[in-house]
Amino acid sequence: MIMLSLIWLLQDFAQLMLMGICMIPDVFLLAILFIALLPGKTKEEQSKLIWAAFIGGLLWDLRWTNLPGLTSAVSCGLIGLACVIWQKRLPSTGRTPLPFMLILAGCELLYALTHCFFWTMPSQSALRQFIVQQLIAVPVIIVFTWLFSRISERDG
Amino acid sequence: MRILFRESRPWLHSFIAVLAGAVVLFLSSRLGGAKLTAVEFVNSVLSYPEKPALALRNIIKLSGNWVLERANLKERVERLELKNLALEEALQRAGVNAPPAAGAYISAVVTLRYPQEWWQELRIDKGTQDGVRDGAAVSSEGYLVGRVTRTSGHSSWVELITSSSFLIAAAVDQTRDLGVVAGDGRGNLRLLYIPDERNIKRGMSVSTSLMNDIIPPGLSIGTIIGAGEEKEGYREMRIAAGAHLTQLYSVEVFMPNGGGAQK
């Protein structure tokens, strides 16, 4: 939880640094997804992570979006969906870095699209912000996938 | 609680959390006061760990724009000095004593601007402790961008001129026609209540008219870019804001009589 708190704060600092330039991707959500989908994670741990995402999302909304509950609901829904797909739809042999990366990318895209819907900035600016946000998310997703790959290999 | 976490499944927790999020969202839209209190609390708590990041951002921003801003400001100061000299000469010729300066500006950094309320409001890092007063005019590069609507100790909220609830008395500089500048919440500005027969042309400038002691008269707002629809003998004029409203990083807050600023 300390690690997640630090990631939330780092994301907050990054958004503060880039305020007025671009929106940053939800690294906090991606980090929770990364932890929740790691091999050997129990349902109990995943459930706790969902509520951590709820609190982090609520704080993010109170700080940055002025729509308290939106990020919480979207994040928790996406994590729940990702956990179901990962454990119920994918066989254990299929839980490789590629589907992991696709799930992370899909969640980030859905998260950003939901927020975009509530923006009132001009459509051109919104599109530009959306594209930049997704481009910044690419290296973050690659890093998490690389970490997932390393941990999966280590744990056999 | 441990049993709840151990026994239930993630999708169920996820479902409950989504519902809880939706309830919070619904309640926050109904209880505006409670939401505002929560927002202010979280922002004030986070303002302490955020201070180094904010300082770093300002250093990067200021160093990046220093050369450009310096040249721009130098040019503006020279232009204003010449204008001031001409006005002083005109006053002397008319035998009028120049009045003392009525106020000053303090610089403030924009610390928050919600994408959802892009054209409505923003928050700055100066508050009542710095002498900022409710209703004070806020400008950027010499153009009006809004006015202070809520103040706390170290921060204030500024309602932008493009806000749908923004109304301010204004005058067309070239003709001295008086009207009201209004925003529409979508980034557009209109000058209302101009009689249809008046000869207002594209390119004429609009500035604030005398209202009270916290909105200085003569502060530029923007320029006329066209005529809008006519209603009951009055024509709406479309205005382009003079300030770069999509690139507001720092602003100036008007302090009547110097404002008693502590910083």
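Modeller: A salt bridge here is a side-chain nitrogen of Lys or Arg within 4 Å of a carboxyl oxygen of Asp or Glu. The model is predicted: local features need pLDDT of at least 70, side-chain atom pairs count only at pLDDT 80 or more, and totals for chains, interfaces and linings use all residues. Residues are numbered from 1 along each chain as its sequence is written, chains are lettered from A and ligands numbered from 1 in the order in which they are written, and side-chain values use heavy atoms, with hydrogens and water left out.

Biologist: Why are B:Glu50 and A:Arg63 called a salt bridge?

Modeller: The closest N and O atoms of B:Glu50 and A:Arg63 are 2.8 Å apart, which is within 4 Å, so the pair qualifies. One salt bridge is counted between chain A and chain B.

Biologist: Which helices of chain A supply the side that touches chain B?

Modeller: H1 (2-17), H3 (43-65) and H4 (70-89) of chain A each supply at least two residues of that side; helices are DSSP runs of H or I with at least four residues, and strands are runs of E with at least two, numbered from the N terminus. H3(A) gives the largest share, 14 residues.

Biologist: How do you know how much area chain A and chain B bury between them?

Modeller: Buried area is the accessible area (1.4 Å probe) that two parts lose on being put together, summed over both. For chain A and chain B this comes to about 3800 Å², 68% of it on carbon and sulfur atoms.

Biologist: What makes A:Asp12 and A:Arg63 a salt bridge?

Modeller: Their closest N and O atoms are 4.0 Å apart, so the pair meets the cut-off. The two are 51 residues apart, with A:Asp12 in helix H1 and A:Arg63 in helix H3 of chain A.

Biologist: How are B:Glu75 and B:Arg79 placed along helix H3 of chain B?

Modeller: They lie four residues apart in that helix (residues 32-94), and therefore about one helical turn separates them.

Biologist: Is B:Asp177 buried or exposed?

Modeller: Buried means under 20% relative accessible area, exposed over 50%, and partly exposed in between (1.4 Å probe, protein chains only). B:Asp177 has 10%, so it is buried. Its salt-bridge partner is B:Arg198, with the closest N and O atoms 2.8 Å apart. B:Arg198, at 38%, is partly exposed.

Biologist: Which residues do shared partners join into one network?

Modeller: A:Asp12, A:Arg63 and B:Glu50.
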